[in-house]
Amino acid sequence: MILLIDLILHKPKAYRHLLYNMLKEESPKFKGLLWKLTIGYLLLDVYRYLVLESGDEEWGLSTSFSSLVWTCRKMFTDVFLGNFMLLFTFLLVMKISPSRCAGTPRCKDFLLAILISSYFKIFLVAMMVWEFPSSVIFIIDLFVLSSNTMAVQVITESGMSKCIGACFIAHAVKAFTSQVL
C-alpha cells in the first residue's frame with residue numbers, strides 16, 4: 001500500500017523499486033504479466049475511445065450492422081495504431097535526443113515502464129459505475145502523462161525536461177494519429 005501511495009505521489013524511488021526490484025525479466029511470470037498489462041491497457045483505451053465517441057452519436061437497436069462494423073474497425077485501428085505510434089515516438093525521441101544516457105533501456109523494459117506508469121487509467125473503471133462528464137478523461141490523461149514522465153525518467157536516467165518533452169511529443173503524436181483516423 002505504501003508503494004502505491006508513493007507511486008501516486010510520483011516518487012522516483014518507488015518507480016525504481018517497482019521497475020528494477022519487483023518486476024524482474026528473469027521471473028517466470030514476467031512474460032504473462034507483460035501480456036496481461038498490455039491487454040488491460042488496450043481494453044481501457046478502447047473504453048476511453050467509446051466514452052469519447054458516445055457523445056457524438058447515439059447507439060441503439062436501430063444501429064445498422066455495417067455502421068457497427070465500421071465503428072469497431074475505426075475503434076481498433078485508432079487504439080492499436082495510436083498506441084503503436086505512442087511507443088514508437090517514445091523510443092525515437094529517446095534515441096535521437098542529444099543527451100543520451102549510457103544505459104539505453106531495451107524495448108521490453110520501456111514498454112513495461114509505460115504500461116506500469118499508466119496505472120491511472122484504472123480510474124476509467126469508476127466511470128463505468130458512476131456518471132462522470134467526459135472531461136474527466138482528459139484529467140486522467142494528464143495524470144497518465146505525468147506518471148509516464150516519471151517512469152521514463154527513472155528507466156532512462158535522463159533529465160526531467162527531456163522526459164517531459166518525450167512524453168508530451170509521444171502523447172501528442174498519439175492524439176494526432178487518433179484525430180486523423
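**View 1. Cover over the buried residues of helix α2.** In this predicted model, the buried residues of α2 are covered by elements that include α1 (2–8), α5 and α7 (136–156). Helix α2 itself comprises residues 12–22, and its buried residues are A14, Y15, L18 and L19. These residues lie on the same side of α2, because they cover an arc of only 115 degrees around the axis. An α-helix has 3.6 residues a turn, so residues three or four places apart point the same way.

View 2. Residue K121 belongs to the loop between α5 (107–117) and α6. Its relative accessibility is 4%, so K121 counts as buried, the limit for that class being under 20%. Beyond its neighbours within four places in sequence, K121 is in contact with Y41, L44, D45, I140, V144 and K174.

**View 3. A nonpolar surface patch that includes V125.** The residues I122, F123, V125, M128, V129, W130 and F132 make a nonpolar surface patch of about 730 Å². One of them, V125, is located in helix α6, which spans residues 124–129. With a relative accessible area of 33%, V125 is partly exposed.

**View 4. Segments annotated as transmembrane region.** An unreviewed UniProt entry gives the annotation "transmembrane region" to residues 79–98 and 110–130. In the predicted model, the chain over residues 110–130 is 67% helix and 0% strand. The C-alpha atoms at the ends of this stretch are 33 Å apart.

Terms used. Residues are numbered from 1 along each chain as its sequence is written. This is a predicted model: local features need pLDDT of at least 70, side-chain atom pairs count only at pLDDT 80 or more; totals for chains, interfaces and linings use all residues. Side-chain values use heavy atoms; hydrogens and water are left out. Patches are made of residues with over 30% relative accessible area and no salt bridge: like charges are joined within 9 Å, nonpolar side chains (Val, Leu, Ile, Met, Phe, Trp, Tyr) within 5 Å. Accessible areas come from the Shrake-Rupley method with a 1.4 Å probe; for residues, only the protein chains shown count as cover. A salt bridge is a side-chain nitrogen of Lys or Arg within 4 Å of a carboxyl oxygen of Asp or Glu. Helices (H or I, at least four residues) and strands (E, at least two) are DSSP runs, numbered from the N terminus. Buried means under 20% relative accessible area, exposed over 50%, partly exposed in between (1.4 Å probe, protein chains only). UniProt positions are given in the numbering used here, feature names are shortened, and annotations may be inferred rather than shown by experiment. Contact means heavy atoms within 4.5 Å. The arc is that of the directions from the helix axis to the C-beta atoms.
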